[in-house]
Amino acid sequence: MKRNKVLIANRGEIALRIMQACLDLDVEFTCVYTREDSNSEHCTEALKKGGEKALYRISSYQDPNELFAVADASGCTAVHPGYGFFAEDFRFARRVEQRSKKLSFIGPSWKVIQELGDKINTKRLARKLEVPTVPGSDKPIFDDLEAEELASSLFSFQKEMGVEQPVILVKASAGGGGMGIEEVGDLDRFRTVLRRIKSYARRQFRDEGVLIEQRIFDFNHLEVQILGDHHGGVVHFGTRNCTVQSSGRQKRIEVAPGFDPENISYAFDASRVLSDITEYSLRMAREVGYDSVGTWEWIISPTGHPFLMEVNTRIQVENGVSAIISRIRGHEVNLIREQIRVGLGSRLGYQQKDIVFKGMGIEYRILAEDPDNNFIPWVGRIENFSWPDHPWLRMYTHVPVNRPYDIPTEFDPNLALGIVWGENLDQAKRRGKMFLDKLVLEGFNPSGEPLKSNVDFLRRNTDKLLVF
Amino acid sequence: MIDITSLLEEIKKAPYKELTVFTPHSGRIEFALKEAGTTVHGASGVWNEKPGTLLAYLTREGNRKPVYAPEKGELVMFHDIDDHQFVQAGTPLLKIRHFLTKQEVIDIILKKALHLFLAPEKGRYYFVSAIDTKLKAKGLGHVNIRQGDEVLIISRMKRETVLVYDGPGGIIYTTYFNSSDSVEVGSPLLGVCPNNQVEEIKEVVARIQSGWEEKQ
């Protein structure tokens with residue numbers, strides 16, 4: 001392990017967490033940054049903890065040639081892609097391992113990413129293994145007539161099922177994380193939305209393929225956290241509930257475990273649902289030989305029917321909320337550390353029975369945005385950012401607390417993740433609100449208007465967490 | 001209308017600009033020119049298809065990429081970088097002293113003569129598809145916009161918002177943004193010429209064409 005050096009091919013809080021995990025494992029690292037990120041804490045920390053040779057400026061996080069040049073110049077032996085950027089790009093993962101100067105890819109093997117990273121392949125595999133999926137297309141659609149035909153059949157299907165106002169979703173097939181999705185209630189509007197999504201997808205992803213699916217209303221969004229190694233070991237780290245989202249379907253609060261059947265009454269057997277989705281996820285993970293961290297995302301209908309949405313073949317933003325409730329031989333888990341360990345060839349070294357879940361975790365995603373105005377991102381300068389430390393709180397942020405920080409507009413708008421732990425949901429919620437009450441986040445935009453944040457939105461939504 | 005004569009006189013007092021050439025990305029640098037005082041030329045041709053003078057090669061992952069002079073001028077200074085050294089993205093390599101061209105002088109003066117629609121926020125900008133289609137079909141100088149028209153889309157943090165034009169009606173005479181680059185708040189996006197001033201603007205351009213002498 002020690003002879004390895006990891007290129008952290010990402011930015012912000014995930015770069016910081018990967019850096020810390022490397023330090024914990026006594027593995028060297030190299031960080032990269034672009035001009036827009038020069039004031040990020042991930043740069044400051046890289047210099048502080050790794051020295052001058054631990055930080056390289058690049059032109060883009062999305063230029064693989066440049067990342068490889070930095071990896072070679074700095075003597076790296078492995079690449080950690082973090083999330084976003086190249087994390088789920090099987091071509092990049094393949095190139096990491098097959099270039100003349102081979103490196104280790106800290107993520108699933110490229111074949112696994114190719115098979116599961118694609119929503120379409122995932123759906124086909126799920127159907128083969130009798131894992132329930134959302135009704136709709138199982139391949140990207142480029143032809144408008146084909147899209148219209150499928151949309152029409154999904155409207156008819158819902159009407160036959162007794163749905164009074166059928167709705168379908170039009171998604172950019174290359175999208176993810178809730179971007180490039182719109183819902184439509186009639187065929188006339190469908191044509192306009194289809195054009196808009198294709199145009200958005202062409203601009204943002206350079207791929208205008210779309211997926212069309214039935215919209216399931218009033219659902220809960222659950223996830224199963226999986227970890228596998230290169231030696232056939234596969235375990236899970238429980239479930240998460242990610243139902244509290246922005247209007248653009250961006251997650252804002254995650255809770256682990258995904259339901260609380262001991263204290264909240266559900267219209268269905270919630271324990272059974274949690275156990276079913278975990279079993280389905282493990283079934284698929286074993287089938288493909290899953291060999292890193294990964295997340296199986298589920299929609300749970302109000303009647304307790306689960307539908308697999310997609311598999312994220314990467315470490316996710318919300319990994320920490322699963323980690324904070326997981327113990328292996330009495331120690332709190334760090335999933336990024338586990339991912340690096342197995343990515344560098346180690347065996348898991350434990351079995352499912354060694355993983356114990358304790359208490360409840362809540363993760364708050366803190367953003368500068370206007371929840372009352374369609375969650376429009378707020379752009380400007382953060383002047384004050386602080387919070388009191390607690391033993392039950394993990395705070396991850398790339399925003400400096402000792403100097404002003406201009407929010408870059410080129411990336412996702414997450415500023416910080418606050419993860420709280422409680423013995424039970426009530427305690428976790430109380431602590432969560434205490435954390436939000438004491439959080440200071442202030443700043444101004446170029447017009448002198450004060451910073452807008454989602455802190456009140458997070459506070460408002462804390463009371464109803466896990467209620468379905 | 002603006003006073004073209006005094007503006008031209010003002011520009012003539014400092015007709016140069018100094019351009020720093022930075023490394024576009026990381027890699028190993030290999031200089032093709034090494035002496036200050038060398039004259040270089042920029043990209044030319046109808047579509048800028050003829051590259052400028054070769055300044056250096058930058059190699060990353062076996063890919064040797066030429067770095068060309070962006071403008072014509074004279075090399076006035078080299079930064080302290082060794083040949084074959086690994087350099088990070090954005091490293092300053094050298095400086096070129098460049099004499100303003102007619103087109104650049106026209107751009108400077110048009111920025112004062114036209115109504116500038118400024119970026120209200122930092123982000124990437126695109127034309128809405130209706131305007132984009134018209135511009136592709138008719139070209140700059142032929143597409144009218146009015147106050148309240150949906151003209152641009154601002155994209156930041158992967159969120160897109162339609163931007164309504166605020167200003168006097170007129171034709172889109174020139175654009176100042178590139179959809180692949182982020183635009184700073186307050187930077188000009190469009191130069192709009194009110195319909196009744198088109199002839200005056202054409203006259204301004206003609207006067208600069210005849211009144212500015214290009215130098216190397």
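This is a predicted model: local features need pLDDT of at least 70, side-chain atom pairs count only at pLDDT 80 or more; totals for chains, interfaces and linings use all residues.
Residues are numbered from 1 along each chain as its sequence is written, and chains are lettered from A and ligands numbered from 1 in the order in which they are written.

Chain B contains four helices and 15 strands. These are DSSP runs numbered from the N terminus: helices are H or I with at least four residues, strands E with at least two. The C-alpha atoms of chain B occupy a box of roughly 55 × 45 × 30 Å along the principal axes. Of its 216 residues, 40% are buried. Buried means under 20% relative accessible area, exposed means over 50%, and partly exposed lies in between (1.4 Å probe, protein chains only). Among contacts (heavy atoms within 4.5 Å) in chain B between residues at least 6 apart in sequence, 72% join residues at least 24 apart.

Chain B splits into domain 1 (4-99) and domain 2 (103-211). The bounds come from an automatic or database domain assignment. The domain centres, taken over C-alpha atoms, are 28 Å apart. Domain 1 of chain B brings 10 residues to the contact, and domain 2 of chain B brings eight. About 770 Å² is buried between them, 70% of it from carbon and sulfur atoms. Buried area is the accessible area (1.4 Å probe) that two parts lose on being put together, summed over both.

One salt bridge crosses this domain interface. The term requires a side-chain nitrogen of Lys or Arg within 4 Å of a carboxyl oxygen of Asp or Glu. Lys17(B) and Glu104(B) form a salt bridge, with closest N and O atoms 3.5 Å apart. On the side of domain 1 of chain B that touches domain 2 of chain B, α1 (4-13) and β8 (92-99) of chain B each give two or more residues. The largest share, six residues, comes from α1(B).

The contact between the chains takes 24 residues from chain B and 34 residues from chain A. It buries about 2500 Å², with carbon and sulfur atoms giving 53%. In chain B, Glu61(B), Met157(B) and Arg159(B) lose the most area to chain A, together 31% of what that side buries. Five salt bridges are counted between chain B and chain A. Glu61(B) pairs in a salt bridge with Arg95(A), at 3.6 Å between the closest N and O atoms. On the side of chain B that touches chain A, β10 (124-127), β12 (150-156) and β13 (159-164) of chain B each supply at least two residues. β12(B) gives the most, with three residues.

Over all chains, the whole structure holds 53 salt bridges. Within chain A, Glu318(A) and Lys251(A) form one, with closest N and O atoms 2.9 Å apart. This pair links distant parts of the chain, 67 residues apart. Glu318(A) lies in the loop between β13 (306-312) and α10 (319-323) of chain A, and Lys251(A) in strand β11 (residues 251-256) of chain A. Glu318(A) is buried at 1% relative accessibility. Lys251(A) is also buried, at 11% relative accessible area. Both belong to one network of salt bridges that share partners, which includes Glu223(A), Arg240(A) and Arg365(A).

Arg191(A) and Asp188(A) form another salt bridge, with closest N and O atoms 3.0 Å apart. Both lie in helix α8 (residues 187-205) of chain A, three residues apart, about one turn of the helix. Arg191(A) is partly exposed at 33% relative accessible area, and Asp188(A) is exposed at 57%.

Notes:
Side-chain values use heavy atoms; hydrogens and water are left out.
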